[in-house]
Amino acid sequence: MTNVLAAITTSVDGYIAGPDDGPGKGLGEGGERLHYWVFGGPWSYDNERKGEPTGDDAAWLEEAIARIGAVVGGRWTYEAARHWGDKNPWGVPFFIVTHRPEEEPEGGAFTFVSGVEEAVARAREAAGDKDVHIMGGADVIRQALEGGLVDELTIVVAPVILGAGKRLFEGFSQSLDLEHLGVRQSPYATFIDYRVMS
């Protein structure tokens with residue numbers, strides 16, 4: 001059965017990006033620290049990212065990727081990542097939620113859809129017997145949670161306090177019960193996995 005998984009990295013104080021995030025600075029001012037776990041240690045926007053995750057960071061990522069048959073992401077994330085150089089970084093069908101689906105890029109690396117519900121439905125169909133991963137940004141994850149579309153939620157907590165930026169649950173309008181599935185910790189992150197109770 002296909003499950004819908006949502007995962008995102010936050011600071012200890014709940015920010016998924018520092019101030020002034022956007023193209024060339026996708027995680028905002030100081031936000032690089034959120035993704036030290038992804039690159040095996042410190043990196044900055046000024047230097048090319050060369051590292052890879054290691055230890056528990058790599059293990060969590062490998063397990064997550066092995067389950068994924070399709071990905072859903074938001075337009076802001078797509079723009080902030082500079083379209084990943086027009087190459088799909090996941091290698092599976094990738095659906096971008098946007099208010100402008102008519103602007104879909106040529107080449108087929110990404111499919112633009114007009115809403116989270118449609119994106120998840122199309123991703124479920126494309127995923128076959130694998131899972132759907134909602135990668136964010138925060139707004140897309142909030143919409144999916146509010147729509148009852150998420151089966152599992154992973155909050156990756158980086159050991160940093162940003163103090164400002166974009167909050168994961170800013171404006172979230174409902175209460176949810178979560179069942180704890182597991183936790184994994186490394187020097188760069190704590191991975192907390194939950195089942196979203198319906």
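## The loop between α3 and β4

Trp-84 sits in the loop that runs between α3 (75-80) and β4 (94-97). This is a predicted model. Phi of Trp-84 is near 50 degrees, a positive value in a residue that is not glycine. Asp-86 lies in the loop between α3 and β4 as well. Its phi is near 60 degrees, again positive and again not in a glycine. Most residues other than glycine have a negative phi.

Trp-84 has a relative accessibility of 24%, so it counts as partly exposed. The ring of Trp-84 belongs to one aromatic cluster with Tyr-78, Phe-94, Phe-110 and Phe-112.

## A cis peptide bond

The peptide bond from Gly-136 to Gly-137 is cis. Its omega is near 10 degrees. Most peptide bonds are trans. Gly-137 is found in the loop between β6 (131-136) and α5 (138-146).

## Nonpolar cores

The largest nonpolar core has 31 residues. Val-72 and Ile-134 have the most contacts inside it. A second, separate core has nine residues, including Val-71, Tyr-78, Val-92 and Ile-96. In soluble globular proteins, nonpolar side chains tend to be buried together.

## Helix α2

The buried residues of α2 are Asp-57, Ala-58, Trp-60 and Ala-64. Seen down the helix axis, they fall within an arc of 165 degrees, so they line one face. An α-helix has 3.6 residues a turn, so residues three or four places apart point the same way. The face turned away from the buried side carries the exposed residues Gly-55 and Glu-62. The buried residues of α2 pack against β1 (4-10), α1, β3 (68-74), β7 (152-157), β9 and β10.

## Ser-186

Ser-186 lies in the loop between β9 (178-185) and β10 (190-196). Its relative accessible area is 12%, so it is buried. The side chain of Ser-186 makes a polar contact with the side chain of Asp-57, at 2.6 Å. Asp-57 is one of the buried residues of α2. The Ser-186 side chain also reaches the backbone nitrogen of Tyr-188, at 3.0 Å. Neighbours within four places in sequence aside, Ser-186 is in contact with Asp-56 and Asp-57.

## Aromatic pairs

The structure holds 13 aromatic pairs. One of them joins Trp-37 and Phe-191: the ring centres are 5.1 Å apart and the planes stand at 90 degrees, so the pair is edge-to-face. Trp-37 is in helix α1 (residues 36-39) and Phe-191 in strand β10, so the pair ties together parts 154 residues apart in sequence. Trp-37 counts as buried at 5% relative accessibility. Phe-191 counts as buried at 0%.

Trp-43 and Tyr-45 form another edge-to-face pair. Their centres are 5.5 Å apart, with 90 degrees between the planes. Here the burial differs across the cut-off of 20%. Trp-43, at 11% relative accessibility, counts as buried. Tyr-45, at 23%, counts as partly exposed.

Key: Residues numbered from 1 in each chain as written. Predicted model: local features only at pLDDT ≥ 70, side-chain atom pairs only at ≥ 80, totals over all residues. Heavy atoms only, no water. Core = buried A, V, L, I, M, F, W, Y, C linked by side-chain atoms within 4.5 Å. Buried < 20%, exposed > 50% of the residue type's maximum accessible area, 1.4 Å probe, protein only. Helix = DSSP H or I, 4+ residues; strand = E, 2+ residues; numbered from the N terminus. Polar contact = N/O pair within 3.5 Å; in protein donor to acceptor, adjacent residues only side chain to side chain. Contact = heavy atoms within 4.5 Å. Phe/Tyr/Trp six-rings, centres within 6.5 Å; stacked < 30°, edge-to-face > 60°. Arc of directions from axis to C-beta.
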